[in-house]
Amino acid sequence: MTLSPEQQAEIEAARATPRPTLRAVAEGMEAHLYTAHEVLDHGFVRVIDYMGDDSAIVQAARVSYGAGTKHVSNDEGLIRYLMRHWHSTPFEMCEIKLHVKLPVFVARQWIRHRTANVNEYSARYSILDREFYIPAPEALAAQSTVNNQGRGAVLEGQEAARVLEILKGDATRSYDHYEEMLSQEGQQGLARELARMNLPANVYTQWYWKTDLHNLFHFLRLRADAHAQYEIRVYAEEICRLVADWVPLAYRAFEDYRMGGATLSSKAIDCVRRMLKGEEVTQETSGMSKGEWREFQQLLE
């Protein structure tokens with residue numbers, strides 16, 4: 001992982017000039033401000049700014065000012081109620097702005113979450129760094145035989161070495177040609193906005209990504225899930241750790257109801273009721289498809 005000298009200078013300047021504030025401050029998040037948390041081989045996540053804390057969620061739900069006479073236990077109960085009943089607006093009162101360095105192919109997955117404000121490093125204006133994501137050996141896997149968008153067995157031995165050699169060679173060669181094509185002293189070359197088309201999808205980009213807590217929770221529920229692609233999941237897991245320090249009451253409710261919970265269809269609930277009465281329920285008598293029944297059984301295991 002590398003921060004540019006300019007980014008490091010910005011961090012040092014910000015840390016050297018703390019400012020007093022009257023707004024709500026989350027001590028857990030204050031400790032993370034500007035710190036770059038490493039992800040993958042060259043990536044990172046760092047918090048640039050945030051707004052609100054657990055009390056901001058409670059305040060919005062009660063439409064009041066200050067803590068009043070309420071106790072923390074009451075605040076936690078209210079936050080859990082809001083999460084349990086899908087009352088999303090109070091969670092929108094908290095916001096976070098992240099600086100993320102990530103491979104382009106991960107960014108293209110990430111940008112599908114269109115509820116954030118994004119400003120990406122411009123390869124029309126600047127030259128991208130010679131940094132590529134090369135998977136660790138344990139992250140190299142064949143196509144899954146049961147899931148068209150998942151991974152199967154980990155590659156081993158000569159096959160793993162062959163694939164790694166191709167990845168490294170292609171990335172290096174593409175970047176060499178990118179540099180050779182650029183307009184520079186002594187040759188007319190290509191404009192940066194055209195030369196960039198030759199770069200591989202594993203080259204690193206950077207962006208500022210700002211979103212509210214409600215939409216961040218939606219992102220994390222999908223991308224921190226065990227079924228998410230590894231390369232985006234590790235970013236989501238790092239953000240989970242940051243959020244847990246920022247809004248601990250809200251994050252615990254999120255873990256309980258979203259990450260650790262499950263949504264049941266009316267057919268599934270009917271099956272549970274029948275099972276509790278002692279009835280033996282099968283896929284044929286459940287009214288579910290084979291896929292639904294398989295997923296239902298996995299929840300009960």
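This is a predicted model: local features need pLDDT of at least 70, side-chain atom pairs count only at pLDDT 80 or more; totals for chains, interfaces and linings use all residues.

Q: What volume does the largest pocket have, and which residues lie nearest its centre?
A: A pocket is an open set of points on a 1 Å grid over the protein atoms alone, where a 1.4 Å probe fits, with protein on both sides within 12 Å along at least five of seven lines, and lining residues have an atom within 4 Å of a point. Points are joined across faces, edges and corners, and the volume is the space filled by probe spheres set on them. Here the largest pocket has a volume of about 1,600 Å³, and of its 40 lining residues Asp-225, Ala-226, His-227, Glu-295 and Gln-298 lie nearest the centre.

Q: Which element gives the most to the lining of the largest pocket, and how does that lining divide by class?
A: Helices (H or I, at least four residues) and strands (E, at least two) are DSSP runs numbered from the N terminus. The helix α13 gives the most, with 6 residues, and the elements that each supply at least two residues include β6 (151-154) and α8 (213-223). With Ala, Val, Leu, Ile, Met, Phe, Trp, Tyr, Cys and Pro counted as nonpolar, Asp, Glu, Lys and Arg as charged, and the others, Gly among them, as polar, the lining has 17 nonpolar, 12 polar and 11 charged residues.

Q: Which residues of the largest nonpolar core touch the most other members?
A: In soluble globular proteins, nonpolar side chains tend to be buried together. A nonpolar core is a set of buried Ala, Val, Leu, Ile, Met, Phe, Trp, Tyr and Cys residues joined through side-chain atoms within 4.5 Å, where buried means under 20% relative accessible area, exposed over 50% and partly exposed in between (1.4 Å probe, protein chains only). In the largest core, of 50 residues, Trp-110, Leu-213 and Trp-246 touch the most other members, and α9 gives the most to this core, with 9 residues. A second, separate core of 11 residues includes Val-104, Ala-123, Ala-171 and Leu-199.

Q: Why does His-99 count as buried, and which side chains does it join by polar contacts?
A: A polar contact is a pair of N or O atoms within 3.5 Å; within protein, one must be able to donate a hydrogen and the other to accept it, and residues adjacent in sequence count only if both atoms are side-chain atoms. His-99 lies in strand β3 (residues 95-103) and counts as buried because its relative accessibility is 3%. Its side chain has a polar contact of 2.7 Å with that of Arg-46 and another of 2.8 Å with that of Gln-206.

Q: Why does Glu-76 count as partly exposed, and which residues does it touch?
A: Glu-76, in helix α4 (residues 72-84), counts as partly exposed because its relative accessibility is 25%. Contact means heavy atoms within 4.5 Å, and, not counting residues up to four places away in sequence, Glu-76 touches Leu-249 and Arg-252.

Key: Residues are numbered from 1 along each chain as its sequence is written. Side-chain values use heavy atoms; hydrogens and water are left out.
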